[in-house]
Amino acid sequence: MKKMKRIVIIGGGITGLSAAYKLQKEIEQRGLAIELKLIEASERLGGKIKTQKHAGYTIEQGPDSLLSRKPAVVKLVEELELQDEIIRNSTGKSYIILDNQFHRLPQGTYMGIPKNEKSLLSSTLISEEGKKRALEDLTIPRSNTEKDKSLGLFLRHRFGDELVDKQLSPLLAGIHSADIDKMSLLATYPNLLQLEQEYGSIMKGLQETIPKQKEVKDKKNEGIFFSFREGLETLVHTLAAKLAKGTVILNKAIQTIEKNDEGYQLIVSGGERYEADAIVVATPHFTVSEMFKGYDFLQSLDEIPTTSTANVVMTFDKSSIRNEIDGTGFQVPAVENYTITACTWTDKKWPTTTPKEKVMLRCYVGRASEQSVINLSDEEITDIVLSDLKKIMGIEAKPEFTVITRWHNGRAQYNVGHLERIANVRNQLEQALPGVYLSGSSYNGMGIPDCISQGEQAANEVLEFLGEM
């Protein structure tokens with residue numbers, strides 16, 4: 001009889017769940033003799049995907065959408081037969097706040113980067129001098145590609161400081177809660193370097209590679225992002241339901257992992273022990289060296305910096321919003337004197353999340369350069385956000401209720417040299433701890449689709465290691 005092999009996945013966020021689902025599917029379809037366990041330290045699955053229902057509202061406490069351009073997530077949704085649950089975001093104008101004024105993000109941009117001269121010249125954010133400097137992207141020679149570089153410095157070289165600080169940084173750095181001048185170009189937006197190298201200009205490259213928008217009558221207001229009627233956590237619940245009974249173990253933190261002749265022994269809180277032939281570690285990078293004590297090379301992961309953020313959901317009666325803006329949200333550049341970094345008008349972006357005649361705003365706080373706000377009390381954060389909203393939107397009313405969600409050390413920072421660090425750690429891991437695989441938002445992409453892809457890749461690597469591929 002074939003010996004039963006044992007796989008343990010550590011971490012029940014979307015990466016760990018995706019790995020477990022992929023492995024479960026292979027076990028069932030191919031009749032593999034594999035025992036699968038997923039161990040999660042907290043009381044729930046999903047990690048940062050967290051949906052709350054309250055008073056008729058659907059509130060996302062973490063990410064609020066999936067990107068339809070990413071094949072991994074579209075394929076998974078189809079496999080899970082969730083197509084009928086999908087809702088698409090309502091597209092609308094997006095703004096950047098500058099000098100206390102709303103400036104519409106120009107049309108014809110990619111992450112704020114103008115695709116052509118017309119888009120650049122239409123921007124009300126940039127001075128004539130700044131536009132003239134940004135046009136130099138069309139003529140500046142290609143960059144040296146021998147080593148990684150800062151995303152911010154790369155873009156400043158191509159477009160100048162003004163466009164970067166006022167139009168590009170609010171979007172590019174805002175997504176990662178990062179310092180654009182420390183972010184790794186190769187780890188975050190390598191496509192921009194590829195465009196520059198191939199076409200000699202980022203703008204020229206965008207013109208050639210991004211299809212021109214076509215007006216489709218019945219889809220003209222349909223965005224590229226989607227979620228589910230009951231919230232993004234639908235994806236988590238559906239994945240978990242596909243796992244065999246007894247696979248998931250909650251409220252058990254890994255104390256230590258020991259290598260032995262048979263593979264690995266995992267000791268969890270409470271003293272229970274689990275045996276494993278292979279392990280997928282889908283937890284934040286700063287937890288790894290503590291689990292695998294005595295492997296000094298893993299301490300390199302502890303040097304990856306993190307940032308903390310919070311999102312602040314506020315609801316109002318529609319009658320209390322006097323200066324209603326035609327759009328779905330705004331970004332706030334670091335050069336502005338505000339604490340909030342962005343605000344989504346959720347009732348406009350996702351109309352099904354909010355009761356009629358109500359308004360739901362989701363504001364974000366916690367810049368890479370200013371982390372202290374995260375540690376303030378709920379009351380203090382609420383007052384700060386309301387003060388900013390009063391100045392920006394003229395909101396005088398108190399919210400009907402507020403939901404504040406803090407994500408301490410929630411964002412790994414992909415600074416210059418990140419990919420080289422991860423490659424070095426993985427090379428040493430393969431030699432010292434064969435059958436152990438690192439996966440998740442700390443490593444090769446922090447968006448949900450990227451985490452799904454990483455989880456599936458880790459599952460394939462585990463099966464290959466066990467000789468089942």
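Between domain 2 and domain 3 there are zero salt bridges, a salt bridge being a side-chain nitrogen of Lys or Arg within 4 Å of a carboxyl oxygen of Asp or Glu. The model is a predicted one, in which local features need pLDDT of at least 70 and side-chain atom pairs count only at pLDDT 80 or more, while totals for chains, interfaces and linings use all residues. Residues are numbered from 1 along each chain as its sequence is written, and side-chain values use heavy atoms, with hydrogens and water left out.

The domain bounds come from an automatic or database domain assignment. That assignment gives domain 1 (5-48 + 242-304 + 414-466), domain 2 (107-209) and domain 3 (306-412). The centres of domain 2 and domain 3, taken over C-alpha atoms, are separated by 28 Å. Nine residues from domain 2 and eight residues from domain 3 take part in the contact, where contact means heavy atoms within 4.5 Å.

The area buried between domain 2 and domain 3 is about 610 Å², and carbon and sulfur atoms give 55% of it. Buried area is the accessible area (1.4 Å probe) that two parts lose on being put together, summed over both. On the side of domain 2, Asp-165, Pro-170 and Ser-177 lose the most area to domain 3, together 62% of what that side buries.

A search of the whole structure finds two cavities of 30 Å³ or more. On a 1 Å grid over the protein atoms alone, a cavity is a set of points where a 1.4 Å probe fits but cannot get out, and its lining residues have an atom within 4 Å of a point. Grid points are joined across faces, edges and corners, and a volume is the space filled by probe spheres set on the points.

The largest cavity holds about 130 Å³ of space. It is lined by 16 residues, of which Thr-58, Glu-60, Thr-346, Trp-350 and Thr-353 are the closest to its centre. Strand E4 (57-60) gives the most to this lining, with three residues; strands are DSSP runs of at least two residues (E) and helices of at least four (H or I), numbered from the N terminus.

The second largest cavity has a volume of about 80 Å³. Among the residues that line it are Trp-345, Asp-347, Lys-348, Val-359 and Leu-361. Helix H12 (346-349) and E20 are the elements that give two or more residues to this lining.

Conventions
1 Å grid on protein atoms, 1.4 Å probe; cavity = no way out; pocket = protein on both sides within 12 Å on 5 of 7 lines; lining within 4 Å.
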